[in-house]
Amino acid sequence: MQFIDLNLQNDQLITQALKIGFSKVKKAKIIPLNSGSDLNLVNSKELISIESTNSQLLRDCIRQKKPVLCNPLFAPNFYKDIGLIREAASQETVFEIPISEFLKTNFVYRAKLINQTRNFISRCMKLKAKFVFTSRAVDLLGLKSPQEIIAIASTLFSLTKQQSEFSISTRPEKMLEYLR
C-alpha cells in the first residue's frame, strides 16, 4: 500500500518522510481566507489547502467547485457545521485533518479539539464527505510515520484501521489524479 502525505510544510523533511514509509509527499499551498477577495487566490491547477475562521468563506470557496483541501479546524463550531460538510460532500473538496494541530495544542484544549474532530469525522462519514489526514510537519518532531498516523486516527477518532489507511493512501491518490 502506498501512503501519501498531501501537506508536508518543510521541504527539508521530504527525504526523511520517504524513509519512514511515505511513497509520495506533497506540499500544499496554504491559503488563509480572511475576506471574499481571498477566494480569487484559489487556483484549481495546484494543490492548495484553504483555512479560515469564517465557515461561510469556506463554503463560498467550496461552492466555486475548486478542488481543494479544506482545513475546517479554525472555524468556530466546525464540528457542528452540517452545511459545510454537505457542501464539501457535493463537490470535489476533501477535508484536511492536520495531525500537527493536535500536537501543538495543550492540556484541555487538545482534548476539546480531539472530541470536536471526532464528532466532525463522524458527521463526514454519515454524509459521505471526503477527508484525509496530513502531517503539516514543519520540523522533525511533527513528522509522523504512516503507521503512527493510522494509529492516531484509529484511536482518537474511532476509525477502523482500513478507514484510517484509506485516508492516507487511496483518498490522497484520487485527489492527485483529479488534479492532473
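Colleague: How many residues does helix H5 have, and what does H5 reach from its first C-alpha to its last?

Modeller: This is a predicted model, where local features need pLDDT of at least 70, side-chain atom pairs count only at pLDDT 80 or more, and totals for chains, interfaces and linings use all residues. Residues are numbered from 1 along each chain as its sequence is written, and side-chain values use heavy atoms, without hydrogens and water. Helices (H or I, at least four residues) and strands (E, at least two) are DSSP runs numbered from the N terminus, and a helix's expected span is 1.5 Å times one less than its number of residues. For H5 (107–127) the expected value is 30 Å, and with 21 residues H5 comes close to that, reaching 31 Å.

Colleague: Which residues of H5 are buried?

Modeller: Buried means under 20% relative accessible area, exposed over 50%, and partly exposed in between (1.4 Å probe, protein chains only). In H5 the buried residues are Leu113, Ile114, Gln116, Thr117, Phe120, Ile121 and Cys124.

Colleague: What is the bridge partner of Val94 in S7?

Modeller: S6 and S7 pair in the parallel sense over five bridges. In S7, Val94 has as its bridge partner Lys130.

Technical notes: Two strands pair if DSSP finds at least two bridges between them.
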